[in-house]
Amino acid sequence: VDNFSTASTSITGESTLVYQEASRRVQKEKGIRVINFGIGQPDLPTFRKIRNAAIKALDEGFTGYTSAYGIDELREKIASHLNSRYPSERPIKKEEVIVTPGAKTALYLAFLLYVNPGDEVIIFDPSFYSYAEVVKMLGGKPVYIKMRWTEENGFSLNVNELQEKITPKTKMIVLNNPHNPTGMVFDPREIEKVMEIAKERKVILLSDEIYDYFVYDGKMRSVLEDPSWRDYVIYVNGFSKTFSMTGWRLGYIVAKDKVVKKMAELAANIYTCPTSFAQKGALAAFDSLDDVKDMISLFRRRRDVMYEELKKNKWIRVYKSQGAFYMFPYVGDILAKTKMQVKDFSLKMIEEAGVTTIPGEVFPLEVGRNFLRLSFAVDENDIREGVRKINEFVTGLM
Ligand code: PLP
């Protein structure tokens, strides 16, 4: 049983779990309440209409397998929702939508469909850790583009490097907007440039827009706004974040019909179908957009509070995030002065300050080594108290 496959040993196993476990341990051993800025999900219950629809489906016995594509009504709802958001002369059809058990599975299907051993996949650093891990699992090679950061403007995609990084082996570029872990909503011109390059160089653009409703400032450009998206785009989104449905495991892909068909064949052999009654619940999701709006207002306020509190710390440099629910402050000055690695800094903070954050290098490489990720999907009072504790802890170290 110890003789693991190459696929499983190629991954680092590094994820946010380590820090969640450390905070659970400290909580238990010290009998204190640890304030958790490590979480990657909204703290609200799934909206009422959605829960009711799923309960009804269960009561009515909608508990069998569904099509590997997901149920037709949901595929149609997703298509019509996106068509009203991004009107086009050639609207999205249900044949261009596949429902998956979470966006993570959607991403997995996309990589599985395109990445052969030796293929290169371009990933911006920092990024959601799972992209690179799955690419490695499939024998592919993540090729990183380091994003640039300034306190005034936050991160930029550094698009100039993209042309140089594309080789004959490049299969895909992964884009995530709004962005985990940095909280950036990228400049529409930068997104357009990435789209142009992908199209021109015939590289697939895998666009993860799971935080598309979490935009506080600025304008988000979706890849679906390009009328020719079918030629090069695999679009990923999901219900987890927008409708506070992380445990329901529901995501989706939009791609041209031939691609979606191929994905359904893979899906049928891996997981059969997304959960039946959860899909019925999701049918009510797009009728809950008022609840989503309220949640975004709440999160905007929390973001403002977290930013103001972090600004009080003269050792921390922070750009006010515009999207998702993460703040990604620069802590390089503290690390240099204390000669600490960011992972140790984060673990020490859990241990001594009772506050959980995620060290930036989980995402997944170099750029994050000077940053911490703090989620503001947390009660406002806890944000005030947690950041105050961080500030005291930092002062104590310096
Ligand atoms: N993509 C990004 C950028 C994420 O941050 C997450 C969740 O943390 C996911 C995808 C996965 O979402 P799901 O719960 O739908 O699998």
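This is a predicted model: local features need pLDDT of at least 70, side-chain atom pairs count only at pLDDT 80 or more; totals for chains, interfaces and linings use all residues.
Figure 1. Helix makes up 39% of the chain over residues 34–390, and strand makes up 16%.

**Figure 2. Domain 1 and domain 2.** Domain 1 comprises 6–45 + 290–397. Domain 2 spans 50–286. Taken over C-alpha atoms, the two domain centres are separated by 25 Å.

**Figure 3. Contacts between the domains.** Here 34 residues of domain 1 are in contact with 35 residues of domain 2. On the domain 1 side, helix 11 (289–311) and strand 11 each supply at least two residues. Helix 11 gives the largest share of that side, 5 residues. The side of domain 1 that touches domain 2 has 19 nonpolar, 9 polar and 6 charged residues.

**Figure 4. Strand 14 and its partners.** Strand 14 covers residues 372–375. L372 and L374 lie on one side, R373 and S375 on the other. These four residues are all buried, and both faces of the strand are covered. Side chains in a regular strand alternate between the two faces of the sheet. Strand 11 (residues 326–327) pairs with strand 14 in the antiparallel sense over 2 bridges. In that pairing, Y326 stands opposite S375. Strand 13 (residues 358–359) also runs antiparallel to strand 14, joined by 2 bridges. There, I358 has R373 as its bridge partner.

**Figure 5. The shell around the ligand.** There are 13 residues around the ligand. G102, A103, K104, G238 and S240 come nearest. By class, the shell holds 3 nonpolar, 8 polar and 2 charged residues.

Terms used: Residues are numbered from 1 along each chain as its sequence is written. A residue is near a molecule or strand if its C-beta atom, placed from the backbone, lies within 6 Å of it. Ala, Val, Leu, Ile, Met, Phe, Trp, Tyr, Cys and Pro count as nonpolar, Asp, Glu, Lys and Arg as charged, and the others, Gly among them, as polar. A residue is buried if 20 or more other C-beta atoms lie within 10 Å of its own, exposed if 12 or fewer, and partly exposed in between; C-beta atoms are placed from the backbone. Two strands pair if DSSP finds at least two bridges between them. Domain bounds come from an automatic or database domain assignment. Two residues are in contact if their C-beta atoms, placed from the backbone, lie within 7 Å.
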